[in-house]
Amino acid sequence: MSSADGAREQRFETRNSLSGGRIEGSVIQAGEIRHLTVYGGPAEASAAPVLPVPRQLPPTPRRLIGRDADFAALDSELGDSPGAVDVTVVVTGPAGVGKTALAAQWLRRLAGRFPDGQLYADLRGHAPGGPADPAEALGGFLRAFGIAPVPSSLAEGAALWRSLAAERRITVLLDNASTAAQVRPLLPGSEHAVVVVTSRRRLTGLGIDGAVFRPVGLLSDDASVQLLAQRVGAERVARERTAAVQVVERCGRLPLAVCLAAARIAARPVQPLAATAEALGQESQGLAALDVEGEAVQHALDASFEVLGTDTVRLYGLLGLLPFPVFTLDVACAVGGLAPDEADRLLDGLIDVHLLEEVEGGFRFHDLVKLHARARAEAVRDLPEGRSAVDRVLDWYLARTTAAEALLSPSHRTLRRDYAVEPGPRAREFADEAAAVGWLDTETGRLADTVRWAAAIGRAAAAWQLVDAMWPLFLRLRPARLWVEAHRIGREAARAAGDREGELRMLTSGGNGLRNAAEGEEASEWFTAALRLAREVGEPLVEADALYGLSQTHRTAGRLTEAADCLREVAALREARGYARGTALARLALGEVLLAAGRPAETLPVVLDAHRALVAVPDPYEAARALAFLGQAHVALGAYDRARHCYAEALAEFREGRARHWEARVLELFGDLARARGDLVEAAARYGESLARYQHLAAPDAARLETALAVLAAPPGPPPPPAAD
């Protein structure tokens with residue numbers, strides 16, 4: 001036999017049932033072969049080292065803070081059986097939330113159960129050069145097990161990968177994926193593999209491949225502070241706890257942002273944490289303050305942003321103009337000038353890359369994403385497109401709030417509305433009064449922000465007109481601080497717009513807010529200014545409104561005779577001009593003053609007359625207030641059953657109309673009734689219910705209820721001494 005023949009015979013030697021071995025050249029398989037490694041020929045084989053088991057997971061912190069619940073959820077997907085495992089988990093979340101660290105550390109914990117390898121591929125879903133070709137990742141996996149060269153065809157490479165993985169117990173981390181199509185060829189399809197895919201997108205298409213989904217959220221407040229302490233030192237954080245809390249709050253509890261802030265703090269060991277907190281609190285440099293050697297939240301958000309389509313990019317920038325963090329689909333339609341279906345599609349695209357999240361009541365930007373969106377908005381703020389978007393949002397809120405005003409307070413709906421762009425019919429649709437009040441209740445915070453926004457950008461007419469349209473909100477829901485703040489803004493805006501009618505309205509309705517907020521002296525100043533201006537311009541009904549307001553400040557100050565005189569003048573002015581509802585309201589207020597003066601017998605006919613007129617208008621809210629006053633008069637006269645009937649009817653009306661302040665007031669009156677009857681247990685229960693509602697409204701009435709409850713809870717005093725003979 002020649003040496004060549006001997007070499008050929010050696011090359012055809014067969015080894016059966018191999019595991020981890022190596023075969024050179026051509027073979028005839030006579031048994032089972034596992035972990036096949038193929039080399040080009042004898043020379044190459046002799047030089048090739050034995051490949052180590054792949055352990056490719058990226059490094060992670062030794063301890064991940066605040067992720068115990070996430071680890072437990074991932075563990076639950078494996079089950080307790082040490083046998084076959086075929087799990088694909090898609091871990092999703094916004095940029096910088098720690099998806100990769102969570103996935104890598106979890107898989108590292110599983111190394112003992114998967115001894116044949118832990119593979120990793122960065123799919124570069126948001127890289128500047130575009131996502132990675134899945135063939136590139138496949139090549140890396142195959143080469144990790146000694147397959148070289150790798151097939152040039154993606155389909156052939158995927159098939160070889162599945163064959164290679166079939167009998168191996170492995171884990172695979174597919175990091176930063178862009179689409180389900182990018183991931184699918186990389187799935188091993190094995191009964192002995194765990195795959196984790198991380199992505200800023202939701203990748204719902206992988207659901208058809210049997211994937212389960214685990215969204216990763218922001219850290220809790222405590223976990224965020226712990227993370228900061230881990231990076232800068234627990235003692236330093238303990239010394240400056242308040243500043244540390246501010247830092248993590250201004251980082252939005254985003255792990256990447258907290259870590260970047262920590263790096264900034266650690267590099268300045270003598271600088272107080274408060275300096276970083278202050279830098280983060282300045283909107284102009286909030287994101288810039290989180291730039292550490294090129295790794296910044298700004299860069300991560302830019303990468304997410306750059307994969308968006310043109311229409312989505314446009315909407316993202318326009319949404320950055322909004323003054324509030326949570327917005328509804330209607331507002332998105334308004335800012336973008338879009339139909340609901342189109343706006344919903346574009347919002348879904350932002351949600352898909354975790355630049356936006358859907359929350360109860362609408363959509364929300366994370367705090368740092370909001371800064372990023374605002375920076376994008378600066379490019380269009382002063383352009384026609386940006387100005388038109390702002391006009392559409394202001395006009396939508398003005399039209400919607402005015403529609404609620406017209407339904408809930410039609411007699412108040414008298415002043416003009418100036419629209420830059422006429423809103424569509426959708427802005428004006430309310431099914432009924434309850435729907436209108438419910439909308440005002442839900443939108444209170446956004447309406448407040450919109451008023452401030454309109455004034456700040458110089459839309460003075462829109463500012464005061466929106467405050468005027470919010471009258472039923474102030475009347476029904478009684479947000480005491482907002483009532484005052486909004487009218488202070490509205491008064492200045494009406495002056496800036498040179499609108500005397502608007503200024504008069506702001507003075508009278510704002511004076512009521514000041515009075516309800518126990519700012520009686522300033523309220524009197526506002527009503528006096530309104531009275532003077534109304535007489536100058538010859539507006540008798542506005543004069544009556546100013547007198548009405550003055551009567552209320554007199555009553556609050558205990559000047560009951562002056563209050564009654566003002567109200568009789570108000571009733572005369574209104575009756576002379578055929579204003580039936582206004583006349584009834586003046587008489588209702590007169591009845592309240594008579595009650596305060598301890599004259600319940602005189603109160604009954606005055607309030608009964610007002611009640612009949614208000615029922616006829618109809619005005620169920622004010623008619624319910626009349627019932628409350630009638631109940632008080634009946635209590636004072638000892639007619640407790642009549643009082644209870646009046647209160648029950650009034651309470652039902654206030655609850656149906658969501659008049660929160662008056663609901664609290666009638667519950668308080670029920671407590672007074674129970675107390676008058678000697679039932680102190682029921683009185684305490686009713687006062688407690690009332691107090692809870694007053695506290696929710698931040699109303700000054702809460703102090704009165706706290707005092708009443710304290711009196712009921714006080715132990716009885718000693719019995720009086722016996723009388724002397």
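The protein has 33 helices and 14 strands. Helices (H or I, at least four residues) and strands (E, at least two) are DSSP runs, numbered from the N terminus. Of its 725 residues, 51% count as buried. Buried means under 20% relative accessible area, exposed over 50%, and partly exposed in between (1.4 Å probe, protein chains only).

**Ground rules**

- Residues are numbered from 1 along each chain as its sequence is written. Because the model is predicted, local features need pLDDT of at least 70 and side-chain atom pairs count only at pLDDT 80 or more, while totals for chains, interfaces and linings use all residues; side-chain values use heavy atoms, with hydrogens and water left out.
- Contact means heavy atoms within 4.5 Å. Among contacts between residues at least 6 apart in sequence, 66% join residues at least 24 apart.

**Helices α15 and α16**

- Helix α15 spans residues 329–336 and helix α16 spans residues 340–352. They pack at an angle of about 100 degrees, with axes 9 Å apart.
- Axes are lines fitted to C-alpha atoms, for helices over the stretch in contact, and angles run from 0 to 180 degrees between N-to-C directions.
- The two helices, α15 and α16, are therefore roughly perpendicular to each other.
- On the α15 side, the contact uses Leu-329, Ala-332 and Cys-333. On the α16 side, it uses Pro-340, Ala-343, Asp-344 and Leu-347.
- Six of these contact residues are nonpolar, none is polar and one is charged.
- For that count, Ala, Val, Leu, Ile, Met, Phe, Trp, Tyr, Cys and Pro are nonpolar, Asp, Glu, Lys and Arg are charged, and the others, Gly among them, are polar.

- Thr-312 lies in helix α14 (residues 310–319). Thr-312 counts as buried, at 9% relative accessibility.
- Not counting residues up to four places away in sequence, Thr-312 touches Leu-346 and Leu-350.
- Thr-312 and Ala-343 are 31 residues apart along the chain, and their C-alpha atoms are separated by 9.1 Å.

**The β12-β14-β13 sheet**

- Three strands form an open sheet in the order β12-β14-β13, with antiparallel pairing. Two strands pair if DSSP finds at least two bridges between them.
- The edge strands are β12 (326–327) and β13 (357–359), and each pairs on one side only.
- β13 pairs with β14 (residues 362–364) over three bridges, in the antiparallel sense. Here Val-359 stands opposite Gly-362.

- Strand β7 (residues 170–175) is mostly covered, with six of its six residues buried.
- In a regular strand the side chains alternate between the two faces of the sheet.
- In β7, both faces are covered. Ile-170, Val-172 and Leu-174 are buried on one side, and Thr-171, Leu-173 and Asp-175 are buried on the other.
- Strand β6 (residues 118–122) pairs with β7 in the parallel sense over five bridges. Asp-122 stands opposite Asp-175 in β7.
- β7 also pairs with strand β8 (residues 192–199), again parallel and over five bridges. Leu-173 stands opposite Val-196 in β8.

**Nonpolar cores**

- A nonpolar core is a set of buried Ala, Val, Leu, Ile, Met, Phe, Trp, Tyr and Cys residues joined through side-chain atoms within 4.5 Å.
- The largest core has 101 residues, and those with the most contacts inside it are Leu-319, Phe-327 and Val-666. Helix α18 (residues 384–408) gives the largest share of this core, eleven residues.
- A second, separate core has 46 residues, including Phe-71, Ala-104, Leu-107 and Leu-173.
- Beyond its neighbours within four places in sequence, Val-666 is in contact with Ala-628, Tyr-647, Ala-650, Leu-651 and Phe-654.

- Ala-643 sits in helix α30 (residues 640–656). Ala-643 is buried, with a relative accessible area of 0%.
- Setting aside neighbours within four places in sequence, Ala-643 contacts Gly-631, His-634, Val-635 and Leu-673. Ala-643 and Leu-673 are 30 residues apart in sequence and 7.9 Å apart in space, C-alpha to C-alpha.
- Thr-583 belongs to helix α27 (residues 580–596). Thr-583 is buried too, with a relative accessible area of 5%.

Notes:
Angles under 35 degrees count as roughly parallel, over 145 as roughly antiparallel, 65 to 115 as roughly perpendicular and the rest as oblique.
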